[in-house]
Amino acid sequence: CDEEPWMSFERPYEGLRVVDLSQGVAGPYCAMLLARQGADVVKVEPREGDWSRSLGPRYGDHTAYSVAANVGKRSLVVDLKRAEGKAIVDRLAQTADVFLEGFRPGVMDRLGFGYDRLRAANPRLIYVSVSGFGQIGPLRDKPAMDAILQAFTGFMSENSGPDGIPHRTPTVLIDMSTALYAQQAVATALYARALGMTKDGACGRRINVSLLEAAANLQSIRMMSAYREGTYKAGAAPGGTYRTRDGWIQVGVVKNHEFQGLCKVLGLDEIARDPRFATNPDRLQHAAYLIGKVAEVLATKPGAAWREILTRAGLQNECLQTYREFVDHPHTQAIGLIGWTRQHGSDEPWATPNPPGVPPLDTGSLHASAPRRGEHTREILHQLGFEPDEIGRLEFDGVVDVARDA
């Protein structure tokens, strides 16, 4: 392989091009991370746009989903059902280092953008397929989003509310974890390519990542124990979530000194001295009793008061917060976790978390913006060698589309 150009720690993928045909969260968030690390990510969208643009309240071309997953990209809107549209993506793929798609198995081959064909034209290409259930197996053709995999992999079975009904968690954790697994797979492939480590002398490779695999690995500890031991049981007592006078507090009690410290703070001296509660296995046998005693005391003061007392004693604890309280917390602000980005279509800035290990968002730069649908169509076509009159004709014929000022 040719030697890679010099790169910086801040933007190590500067000079790399990623063609992102995925939609939703998993694939796009993976590509967004590559953009945050310096890659030129071209988001290829259908004329109606990525469907994440319509999830939840809309702000112009955006929703929270589309902003979080597409910061730092450029958007090209092209009709892949048209021969001229396919030719544009073909030309784009020949300039790419990474090609990322999120269709069901077989769809890309039918569209003419399967791995074998693109690799023949661009042997250096790292081709990433993100799917729901994977590329093989009896469920390969079944559509699946985050909540479906929460149900299928067992996560939802242990996430019941007070109504006794199993619930999905709204944090789209399966999609997000899929993006992280995909991004680390791309990183290792780029490293191997840079060093010429492939056995056959080729530089590219195909990477298959599924929501199913990500969900299983995300839950590996719980899945392994549940398969052997069944229904979830607490591993320590009397830690847990307790009601205070004005809210809730989470208390962690695992080690013996933590139990002794909690008893001292709460005035439960007799319990601290009782040999029945000397070790964690002992305490688990009497968990209901201990939890009841702790709950009685914690209900007597506000959460903030207990937080101060427990923290001063060196014990694990924290009050339950809303997302707004978390974002506005002095500690969150002190570590620079949140980048306040301004996006087209919204007067208020978005509280956008800065991923660990990459430079924080510069709220005034283009890297902090998520593109409008087709915002960079003309710019990208020009870079691919299309003349202005050709671009105008493609627009007129509906092969491509551009962002319209609102």
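This is a predicted model: local features need pLDDT of at least 70, side-chain atom pairs count only at pLDDT 80 or more; totals for chains, interfaces and linings use all residues.
Which residues is Ile 126 in contact with, leaving aside its neighbours within four places in sequence?

View 1. Leaving aside neighbours within four places in sequence, Ile 126 is in contact with Asp 97, Val 98 and Phe 99, with Ala 189, Leu 190 and Arg 193, and with Arg 205 and Ile 207.

**View 2. The largest nonpolar core.** This core has 39 residues, and those that touch the most other members are Ala 39, Val 98, Ile 126, Val 128, Val 186, Leu 190 and Ile 207. At least two core residues are supplied by each of the helices α1 (26–36), α2 (64–70), α7 (173–195) and α8 (211–218), and likewise by each of the strands β4 (98–101), β5 (126–131) and β6 (205–210). Helix α1 gives the largest share, 8 residues.

**View 3. The open sheet of 7 strands.** The strands follow the order β6-β5-β4-β1-β2-β3-β12, with mixed pairing. Strands of a sheet pair through backbone hydrogen bonds, either parallel or antiparallel. At the edges are β6 and β12 (400–401), each of which pairs on one side only.

**View 4. Pairing of β3 with β12.** Strand β3 (residues 74–78) runs antiparallel to β12 and is joined to β12 by 2 bridges. Here Val 78 stands opposite Val 400 of β12.

**View 5. Helices lying across the strands.** Helix α3 (residues 83–94) lies across β1 (17–20), β2 (40–45), β3, β4 and β12, and runs at about 145° to β3. Helix α8 lies across β5 and β6, and its angle to β6 is about 65°.

Technical notes:
Residues are numbered from 1 along each chain as its sequence is written. Side-chain values use heavy atoms; hydrogens and water are left out. A nonpolar core is a set of buried Ala, Val, Leu, Ile, Met, Phe, Trp, Tyr and Cys residues joined through side-chain atoms within 4.5 Å. Buried means under 20% relative accessible area, exposed over 50%, partly exposed in between (1.4 Å probe, protein chains only). Helices (H or I, at least four residues) and strands (E, at least two) are DSSP runs, numbered from the N terminus. Contact means heavy atoms within 4.5 Å. Two strands pair if DSSP finds at least two bridges between them. Axes are lines fitted to C-alpha atoms, for helices over the stretch in contact, and angles run from 0 to 180 degrees between N-to-C directions.
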